[in-house]
Amino acid sequence: MQRPSRFLAALFLAASGWSATVSAQPAATPPTPAPAAATAPAAAAPAGGIQSANIFEVKPEASADPKYAGQTNGERAKVQPGNNAPMWRQVGSGVTGYSSLPKSEAPEAGNLIQPFVQYPGSLLTNAGEAWRQVRNNWLIPYGGALLLIVVGAIALFYFGKGRINLHGAETGRKIERFTPFERSAHWANAIAFCILAISGIVMAFGKFFLLPVMGLTLFGWLTYLLKNMHNFAGPLFAVSLVIVFFTFVRDNMPSRGDIGWLLKGGGLLSGKEVPSHRFNAGEKLVFWGGVFFLGIIVVASGLVLDKLIPGLIYVRDTMQVAHMVHAVATVLMMAMFIGHIYIGTIGMQGAYDGMKTGYVDETWAREHHEYWYDDVKAGKIPAQRSEPAPPSQTVQA
Ligand code: HEM
């Protein structure tokens with residue numbers, strides 16, 4: 001086999017028209033005949049010096065060497081000049097190279113492609129690709145399917161069973177269900193939630209249902225706008241969620257009748273509602289599961305994604321994990337709150353009025369929260385809690 005340097009030099013000389021004088025091989029273009037005296041010694045000389053060769057004819061191939069796969073870039077350059085595969089293999093496997101930037105300021109400097117990892121549901125591959133597989137193969141299809149199933153089930157229930165109406169006639173006597181403070185906390189939270197849910201759905205699933213109708217330009221602008229709204233509504237949601245939690249935690253503590261309520265499904269299918277205190281076991285489930293448990297996960301992962309946690313180093317794998325956790329928890333939270341919003345609006349007569357005006361009719365209180373109604377009637381809970389009472393409201397204990 002020829003020395004590579006010789007081989008390259010031969011290529012260079014051949015290209016510049018010098019091959020006839022330096023190579024023993026015949027050149028592609030015959031040189032101009034030279035005087036016999038000048039050519040005679042060359043013809044007599046044995047083959048040697050720089051040789052040209054066809055790369056496909058060079059045997060044995062460099063790759064036949066058993067140590068070929070383990071060569072460093074330097075070793076490879078000796079047998080195959082210009083072949084940088086060992087270096088790129090290292091880059092692809094996440095090896096960190098040298099960087100003069102301090103680790104505290106640029107923790108990922110010198111590392112182009114992340115190391116290999118296997119996220120749940122992905123293959124063992126570099127982390128960026130593993131994250132992409134989890135997102136595209138699991139989060140998007142199954143998350144989207146869950147939300148569609150929940151919406152479909154609620155639609156089936158609504159069109160099959162209809163709204164939950166009051167059985168008795170309204171008395172006109174009102175009980176204060178939510179104080180202005182409670183309503184403000186709730187609506188601040190609900191508005192932030194709606195902005196987050198809509199923008200999140202467009203960011204995750206918009207390309208399937210909006211892009212085809214809007215086109216790239218409009219969809220790009222819309223998603224850019226919604227992404228920024230998402231980033232700003234997140235902290236508002238976090239703060240209002242904490243306020244909502246402390247505002248409603250007392251009446252969401254487990255109490256007598258909760259298990260029975262759950263076992264009977266609240267009487268949703270039988271049509272005979274199971275008595276409950278101020279909040280029934282279904283509401284408590286949404287409170288502890290949705291507001292508290294998922295709330296902590298959604299808010300914590302969201303604050304990481306917003307880069308609002310002081311002292312945390314925001315490297316790519318931190319963001320990938322935060323994203324996957326955020327996506328799972330928010331989809332579950334949305335599924336829960338779609339049910340809550342349904343019951344709080346078109347699903348139950350009079351529920352929305354309670355959160356809008358703060359007051360519910362006595363009939364509503366008796367039919368939906370009988371123990372709470374009994375306590376109000378017994379004077380254990382004041383029927384009017386906020387001060388001063390609006391003059392238009394008739395309040396009877
Ligand atoms: C557009 C969205 C929303 C609507 C229309 C809505 C509606 C309502 C209504 C009507 C009530 C009163 C239920 C009752 O009287 O028992 C209520 C209670 C409540 N809502 Fe919402 N809501 C929405 C979003 C949210 C969100 C996003 C959260 C929290 C993340 C939330 C948390 C609560 C809590 C904690 C209560 C008190 C009852 C309980 O603890 O379960 N709501 N909501």
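Select the ligand and the 24 residues around it; Ala190, Phe193, Glu283, Gly344 and Met355 come nearest. Colour the shell by class and you will find 15 nonpolar, seven polar and two charged residues. In this scheme Ala, Val, Leu, Ile, Met, Phe, Trp, Tyr, Cys and Pro count as nonpolar, Asp, Glu, Lys and Arg as charged, and the others, Gly among them, as polar.

The model is predicted: local features need pLDDT of at least 70, side-chain atom pairs count only at pLDDT 80 or more, and totals for chains, interfaces and linings use all residues. Residues are numbered from 1 along each chain as its sequence is written.

**Whole protein.** Zoom out to 15 helices and four strands. Helices (H or I, at least four residues) and strands (E, at least two) are DSSP runs, numbered from the N terminus. Of the 397 residues, 20% are buried. Buried means that 20 or more other C-beta atoms lie within 10 Å of the residue's own; exposed means 12 or fewer, and partly exposed is in between, with C-beta atoms placed from the backbone.

**H11 and H12.** Show these two helices next. Their axes are 8 Å apart and the packing angle is about 150°; axes are lines fitted to C-alpha atoms, for helices over the stretch in contact, and angles run from 0 to 180 degrees between N-to-C directions. H11 and H12 are therefore roughly antiparallel. That term covers angles over 145 degrees, while those under 35 count as roughly parallel, 65 to 115 as roughly perpendicular and the rest as oblique. H11 and H12 cross in the left-handed sense, that is, the near helix is turned anticlockwise from the far one by less than a right angle, whereas clockwise would be right-handed. Their contact has 14 nonpolar, nine polar and no charged residues.

**The loop between them.** Pick Lys307, in the loop between H11 and H12. Lys307 is not a glycine, yet has a positive phi of about 55°. Most residues other than glycine have a negative phi. Lys307 counts as partly exposed, because it has 13 C-beta neighbours inside 10 Å.

**H9 against H11.** Contact here means C-beta atoms, placed from the backbone, within 7 Å. Residues to select include Gly234, Ala238 and Phe248 of H9, and Phe287, Gly295 and Leu303 of H11. The contact of H9 with H11 holds ten nonpolar, three polar and no charged residues.

**H6 against H12.** Switch to helix H6 (residues 127-161), which packs on H12 at an angle of about 5° with the axes 11 Å apart. H6 is therefore roughly parallel to H12. Among the contact residues are Trp131, Leu146 and Tyr158 of H6, and Arg316, Asp317 and Tyr342 of H12. By class, the contact of H6 with H12 has 17 nonpolar, five polar and two charged residues.

**Last stop, H13.** Select Tyr352, in helix H13. Leaving out residues up to four places away in sequence, Tyr352 touches Gly344 and Thr345. Tyr352 counts as partly exposed, because it has 15 C-beta neighbours inside 10 Å.

Technical notes. A residue is near a molecule or strand if its C-beta atom, placed from the backbone, lies within 6 Å of it. Two residues are in contact if their C-beta atoms, placed from the backbone, lie within 7 Å.
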